[in-house]
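Biologist: I am new to reading protein models. Could you take me through this one?

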Amino acid sequence: MAATDSGSSTQPSYKASDGKHQRPAFESWGRYPEYEADIRDLHWQSDFPHAMEGVHNGALPVGMGRSYGDVCLLKDGTLLRTTGMDRLLAFDTTTGLLTAEAGVTLAQILDFAVPRGFFLPVTPGTKYVTLGGAIANDIHGKNHHIAGTFGNHVTQFELVRSDGAQMLCTPTENPDFYAATIGGMGLTGVITWAQVRLKPIVSRMVDYQGIQFHGIDEFLDLTQQSQSIEYTVSWIDVTSTGKNFARGIFMQGDHSQVPAPLKVSSKPKLVFPMELPGWALNGTTVGLFNTLFFNKQIKSRVSTLQDYEPFFYPLDAVLKWNKMYGKRGLLQFQYAIPWEYAREGTIAILQEVAKSGLASFLAVLKAFGDVPSPGMMSFPKPGITLALDFPIKPEKSFALFDRLAAMTHEFGGRLYPAKDARMTAPQFRAFYPQWERFARYKDRALTSSFWERVTEGEGDR
Ligand SMILES: Cc1cc2nc3c(=O)[nH]c(=O)nc-3n(C[C@H](O)[C@H](O)[C@H](O)COP(=O)(O)OP(=O)(O)OC[C@H]3O[C@@H](n4cnc5c(N)ncnc54)[C@H](O)[C@@H]3O)c2cc1C
C-alpha cells in the first residue's frame, strides 16, 4: 500500500544532478503536493491489467492531471496514464451517442462533434480533461441546475479490474459499480471506454449576458430569475470589503438558436512563459485585477453573442497558466453548502477570506440545482458552490484553508476531492458518510494519495 502523507507543510524536493529543483514527471494542476511515481502508459484497452506487473506500492489510473490536489497522485506508487487510449469509437448522429476510449479529451470530442452540430452535455471550465477523468470526478458545469453532472449523461462504460474482470456498467447492468465508478476517483478500476450522450447545437455562439451584482442577496435574486437559462456562473471579487463586499458579475447564456457555421476551434497560441516569483500574486496585484475585471464591464448589464470558447474556456486561451502561481503552486478550495445555510455560510466564508488578506485571483460562485447525481460519491448537492484559487504560502494559506474547511463543515457543506489537498480524515468522513459503502467497490490494487490521506490507510473494506 502506498505511503501516506499527513499534509504537512514541507514539500519533498527533488534535486537534479546539477543540484536544481526537479519537478516530478506527473503533476496535478495545483502542482502541489509534489510526489514521485512510476508512470506507465496505457495505449490499448487490453494494456490493463498487464501494466500492473511488478507493481508493489499500489496503482492509480490518471488522465490529464487537471485535478488540483492529490486525487490524481500516488506517492511512490504507479500511475497508469490513460491519455494514449485516445480513439473515438462510434457516433450515432440521430441519438447523439458518442463512444470513445477513456483517454480522449473533451477538446478532441468538441473538435469532432461541433462541426457535426453537437456539443458536450456538461463541461468543466477547461476542455483539457479526459473522458475517464470527467467520469471519475463526476464533474459539473455551468448548467448543473438544468443538466446535473457529467455522469447523468453517461449511458454505459467498461470497467476493468486489476484481476482482469471486465464489466459493462449501465444504470441497470452492474448498477452498483456504475454508481461507485461515477465520482469514484479512479479507485474502482480502469474505465477503458465510455458512451456519452451529446446535445445538438446549430451555432458555435452563445447568447451571453453579463450582469453586475453587489452582494450575495443580489446574486441570489439573479440566480432565482435565471432558472430557465441553461448556463449561469458568477465571478466574484473576494478582495473588496465595505460597500464593494461580494460584488461580482453574473454571467449567463444559452446556445444561440440562429444557425451559423460550425467550424473547429483554432489551437491556443499562448503558453505562460515562466514561473512567476512568489511575491508577484499578492493582495495588491490581485485587488487591482479584481477592480479592473469588475469595471471592464462599464454598464450594469451587457448582452452579446459570444463564441463558446471564451464563454466556457476563458482560461484555456493561455496554456500552462498554473505557472503564474510560481514554484510552490496553488491550492484550490471548493465547497458546496446546502440551501439551508448557503447564504449565511457564503457570507461568513467570504468575510474570513477578506479578513485573511490572502488574495484569490479566481473566485467562482454558482448555485447547484437539484438534479440527483448518479454517482455514490459525487460532490454536487443543491445549494451554493464557491471555488477559490490561492497561491501556496504555507504559513498563511494552509491555516486559512483549514479554517475554511472547518466552516464548511459547520454549515453542513462538503469539499470537492478534485480540488483538494488538505481535508482531514474526520472531515472527509463527515462530508461523505457513504464512504464505507463506497469502499466495498474499491479495487484493492488501486489507491491514491488523496484516499490514503482521508481514510488514514483504512480505505480497503
Ligand atoms: C482550469 C480548470 C477548470 C476546472 N473547472 C471545473 C469545473 O468547472 N467543474 C468540475 O467539476 N471540475 C473542474 N475542474 C477539475 C477537472 O475537471 C477534474 O479534476 C477532472 O476530473 C480532470 O480530469 P483529468 O483527465 O485531468 O483527470 P486527472 O486529474 O488525471 O484524474 C482525475 C481522477 O480521475 C481518475 N481517472 C482518470 N482517468 C481514469 C480512467 N480511465 N479510469 C478510472 N479513473 C480515472 C483519476 O484516478 C483521478 O481520481 C477544472 C480544472 C481546471 C484545471
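Modeller: First, one definition: helices (H or I, at least four residues) and strands (E, at least two) are DSSP runs, numbered from the N terminus. The model is predicted, so local features need pLDDT of at least 70 and side-chain atom pairs pLDDT 80 or more, while totals for chains, interfaces and linings use all residues. Residues count from 1 along each chain as its sequence is written, and side-chain values use heavy atoms, without hydrogens and water.

Biologist: In which loop is Pro-49?

Modeller: The bond from Phe-48 to Pro-49 is also cis, with omega near 15°. Pro-49 belongs to the loop between E1 and E2.

Biologist: Which residues come nearest to the ligand?

Modeller: A residue counts as near if one of its heavy atoms lies within 4 Å. There are 35 residues around the ligand. The nearest are Pro-61, Arg-66, Ser-67, Thr-130 and Tyr-416.

Biologist: How far is the side chain of Asn-137 from an oxygen atom of the ligand?

Modeller: Start with the backbone: an N or O atom of Gly-63 lies 2.8 Å from a ligand oxygen. A backbone N or O atom of His-140 is 2.8 Å from a ligand nitrogen. From an N or O atom in the side chain of Asn-137 to a ligand oxygen is 2.9 Å.

Biologist: How much of the ligand's area does the protein bury?

Modeller: Accessible areas come from the Shrake-Rupley method with a 1.4 Å probe. Taken alone, the ligand exposes 970 Å². The protein buries 96% of that.

Biologist: How many salt bridges does the structure hold?

Modeller: A salt bridge is a side-chain nitrogen of Lys or Arg within 4 Å of a carboxyl oxygen of Asp or Glu. Arg-23, Glu-27, Arg-31 and Glu-34 are linked in a network of them. The structure's count is 18.

Biologist: Is Asp-237 buried or exposed?

Modeller: Buried means under 20% relative accessible area, exposed over 50%, partly exposed in between (1.4 Å probe, protein chains only). Asp-237 forms a salt bridge with Arg-247, with the closest N and O atoms 2.8 Å apart. Arg-247 has 5% and is buried. Asp-237 has 1%, so it counts as buried.

Biologist: Which residues are exposed on the face of H5 turned away from its buried side?

Modeller: In H5 (residues 216-225), Ile-216, Phe-219, Leu-222 and Thr-223 are buried. They cover an arc of only 120° (directions from the helix axis to the C-beta atoms), so they share one side of H5. The face turned away carries Gln-224 and Gln-225.

Biologist: What is the relative accessible area of Asp-76?

Modeller: Asp-76 lies in the loop between E2 and E3. Its phi is positive, about 60°, although Asp-76 is not a glycine. Asp-76 is partly exposed, at 44%.

How values were computed: Polar contact = N/O pair within 3.5 Å; in protein donor to acceptor, adjacent residues only side chain to side chain.
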